[in-house]
Amino acid sequence: MKPSIKITEEIAESFAASFLEKVVDSPIFIGSYIEQVLAQETNLIFQYVEDEAYFGAAIKHMSGEEFIALNSYQSLRMRYFTAAHELWHLSEVSKYQVNGFDHERAADRFAAALMLPKSTTKEVWEKLKASYETKLSIIHLADIAQVPYVSVVRRLRELGYRFSDLSEREEEWVKERSRLGVSPSPLDQRQRFESFSAYENEVVRAVEEERVTRLSAANKLSVYQPTLAKALQEEMMQALQKDSADD
């Protein structure tokens with residue numbers, strides 16, 4: 001029998017709580033630390049793909065090795081939430097193969113519960129509401145937890161709060177922030193960079209073992225790690241200059 005949405009969400013909620021306890025041993029807002037957690041679990045790739053609809057992907061190689069790609073074209077707060085979403089796809093629970101189990105819905109609920117723990121979110125929300133009107137409170141909670149504004153709205157609704165006339169569009173919340181006189185947040189900005197540490201480590205190891213030259217390694221790393229590529233080029237130039245002087 002196909003599991004209901006309610007059962008799917010309860011499983012995701014429960015697993016997120018136990019995962020958070022294992023990782024930080026406390027129901028806190030983990031924010032940007034989610035990317036460190038993800039990096040410990042898998043090969044993490046940062047891409048810069050100019051596509052508003054692309055957030056990230058989970059990839060499993062035929063060797064069994066797993067990769068998670070995150071699109072750094074998205075805002076930081078959206079990227080962190082995507083990291084939490086993709087973490088579900090690495091979990092043991094994601095191998096739950098009951099016919100009709102909605103893993104995408106489970107991943108969304110898992111991400112929401114992980115980034116906005118139930119008890120902490122309720123506690124902070126009640127305190128914010130005592131001082132600010134609803135939209136300001138949502139903006140402040142989104143900043144504190146480092147998550148998208150729309151994720152805060154949906155999470156609060158999941159926790160039993162009722163609202164009307166609140167946008168489900170992230171860009172509208174950024175405009176609302178400006179209208180309310182709240183200073184811009186770096187979390188609404190994208191941080192352009194690309195990185196594939198597993199690949200970088202393998203190239204560096206190949207240089208150390210003299211399987212590839214520094215020039216070849218610099219070419220291989222120029223896209224993912226330009227700083228390291230430049231350093232390898234400089235090392236190569238220094239070696240050439242030294243050889244020339246010795247001659």
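This is a predicted model: local features need pLDDT of at least 70, side-chain atom pairs count only at pLDDT 80 or more; totals for chains, interfaces and linings use all residues.

Reader: In what order do the strands of the open sheet come?

Author: The open sheet has four strands, arranged 2-3-1-4, and their pairing is mixed.

Reader: Which strands stand at the edges, and why is one side of each left without a neighbour?

Author: Strand 2 (56–60) and strand 4 (195–196) are the edge strands; each has a single partner strand, so one side of each has no neighbour in the sheet.

Reader: How does strand 4 pair with strand 1?

Author: Strand 1, residues 43–47, pairs with strand 4 in the antiparallel sense, over two bridges. In this pairing F46 is opposite S195 of strand 4.

Reader: Which helices pack on the sheet?

Author: Helix 2 (residues 33–41) does, touching strand 1 and strand 3 (66–71), and its direction makes about 130° with that of strand 1. Helix 3 (residues 76–88) also packs on the sheet, where it touches strand 1, strand 2 and strand 3. The direction of helix 3 makes about 160° with that of strand 3.

Reader: How do strand 2 and strand 3 pair?

Author: They pair in the antiparallel sense over five bridges, with A57 opposite A69 in strand 3. The hairpin of these two strands has five residues between the strands, and there G64 takes a positive phi near 100°.

Reader: Back to the helices. At what angle do helix 2 and helix 3 cross?

Author: Their axes cross at roughly 35° and come within 9 Å. The crossing of helix 2 and helix 3 is left-handed.

Reader: Which residues make that contact?

Author: Helix 2 contributes I34, E35, V37, L38 and E41, while helix 3 contributes R79, Y80, A83, A84 and L87. By class, the contact of helix 2 with helix 3 has seven nonpolar and three charged residues, and no polar ones.

Reader: Now the pockets. What volume does the largest pocket have, and which residues lie nearest its centre?

Author: The largest pocket has a volume of about 750 Å³. Its lining consists of 28 residues, and those nearest its centre are F55, M78, P148, V150 and E170.

Reader: Which elements give two or more residues to that lining?

Author: Helix 3, helix 4 (103–115), helix 7 (149–158) and helix 8 (170–179) do. Helix 3 gives the most to the lining of the largest pocket, namely six residues.

Reader: And how does the lining of the largest pocket divide by class?

Author: It has 14 charged, eight nonpolar and six polar residues.

Reader: What about the second largest pocket: what is its volume, and which residues line it?

Author: The second largest pocket has a volume of about 170 Å³. Among the residues that line it are E13, L20, P27, K118 and R155. Helix 1 (5–24) and helix 5 (118–129) each supply at least two residues of this lining, and the largest share, five residues, comes from helix 1.

Technical notes
Residues are numbered from 1 along each chain as its sequence is written. Side-chain values use heavy atoms; hydrogens and water are left out. Two strands pair if DSSP finds at least two bridges between them. Contact means heavy atoms within 4.5 Å. Axes are lines fitted to C-alpha atoms, for helices over the stretch in contact, and angles run from 0 to 180 degrees between N-to-C directions. On a 1 Å grid over the protein atoms alone, a cavity is a set of points where a 1.4 Å probe fits but cannot get out, and a pocket is an open set with protein on both sides within 12 Å along at least five of seven lines; lining residues have an atom within 4 Å of a point. Grid points are joined across faces, edges and corners, and a volume is the space filled by probe spheres set on the points. Ala, Val, Leu, Ile, Met, Phe, Trp, Tyr, Cys and Pro count as nonpolar, Asp, Glu, Lys and Arg as charged, and the others, Gly among them, as polar. A crossing is left-handed if the near helix is turned anticlockwise from the far one by less than a right angle, and right-handed if clockwise.
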